[in-house]
Amino acid sequence: MFWLNNSNERQLAFGVGSWMQRVFFSVKALSRWIEQRMGVADVNKTLWNNLVPRKVNAFVWRALNRRLPVRIELDKKGIDLDTLLCPGCDNVVESLDHCLVLCENVINVWDMIFAWWGVGLTDVFTVKELLCHKGKSSMGKESRLLWQTTIWVAAYFVWKNRNNQVFKWKSKNSSRLFNEIQQKTLSGYT
Ligand SMILES: [Zn+2]
């Protein structure tokens, strides 16, 4: 078992049988320890894009490490929900891949973004394939970075749209969402 309490330095204490050891960790070391314990790969830690706001980088990190609270993940944690179905289509269990990539409304958004960039048909099925998509072979380094930026910002707005649906009962259809993403992208991703 372990528990946390707030003092100057956050403390982590854990007991095994009658043996008790108390260790002091910085927050950073603590989160590293939790990640190792939970078997979360830290390969994505180096993935950072300076063109997008910190909140978008944080979102991408959470998505790649499957830390976004979609319904199937909440259910696995034992949280009681009325339904596991996707709030967007109300038709399929809400997994992360479904929510950010495969839901009907969302696929339309990706189709429009891929067409806008001339990247061809949408060829992604998972969050990882989407967020790590390299664009097309003719892209130079800078175009590739802008492509990644567009994809990341778009995924962030897809997630935001999903949350508006869940918490505010309002969401945008794919055309309006695409227009919003295009405007945000053209105005510098803020
Ligand atoms: Zn759906």
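Me: How is the angle between two helix axes defined here?
Reply: Each axis is a line fitted to C-alpha atoms, for helices over the stretch in contact. The angle is taken between N-to-C directions and runs from 0 to 180 degrees.

Me: In this predicted model, at what angle do helix α7 and helix α8 pack?
Reply: Helix α7 covers residues 141-168 and helix α8 covers residues 174-186. Their axes lie 10 Å apart, and the packing angle is about 135°.

Me: Which word describes the orientation of α7 and α8 to each other?
Reply: An angle over 145 degrees would count as roughly antiparallel, and 65 to 115 as roughly perpendicular. The angle of α7 with α8 is about 135°. The two helices are therefore oblique.

Me: Is the crossing of α7 and α8 left-handed or right-handed, and which residues of α8 make the contact?
Reply: The crossing is right-handed. From α7, the contact uses Thr 150, Val 153, Ala 154, Phe 157 and Asn 161. Its partners in α8 are Leu 177, Glu 180, Ile 181, Lys 184 and Thr 185.

Me: How are α2 and α7 oriented to each other?
Reply: The axes of α2 (residues 54-64) and α7 come within 10 Å and cross at roughly 75°. Angles of 65 to 115 degrees count as roughly perpendicular, and α2 and α7 are therefore roughly perpendicular.

Me: How many nonpolar residues does the contact of α2 with α7 have?
Reply: Val 56, Phe 59, Val 60 and Ala 63 of α2 meet Trp 152, Val 153, Ala 155, Tyr 156 and Trp 159 of α7. No polar and no charged residues take part, and the nonpolar residues number nine.

Notes: Residues numbered from 1 in each chain as written. Predicted model: local features only at pLDDT ≥ 70, side-chain atom pairs only at ≥ 80, totals over all residues. Helix = DSSP H or I, 4+ residues; strand = E, 2+ residues; numbered from the N terminus. Parallel < 35°, antiparallel > 145°, perpendicular 65-115°, else oblique. Left-handed = near helix turned anticlockwise from the far one by under 90°. Contact = placed C-beta atoms within 7 Å. Nonpolar A, V, L, I, M, F, W, Y, C, P; charged D, E, K, R; others polar.
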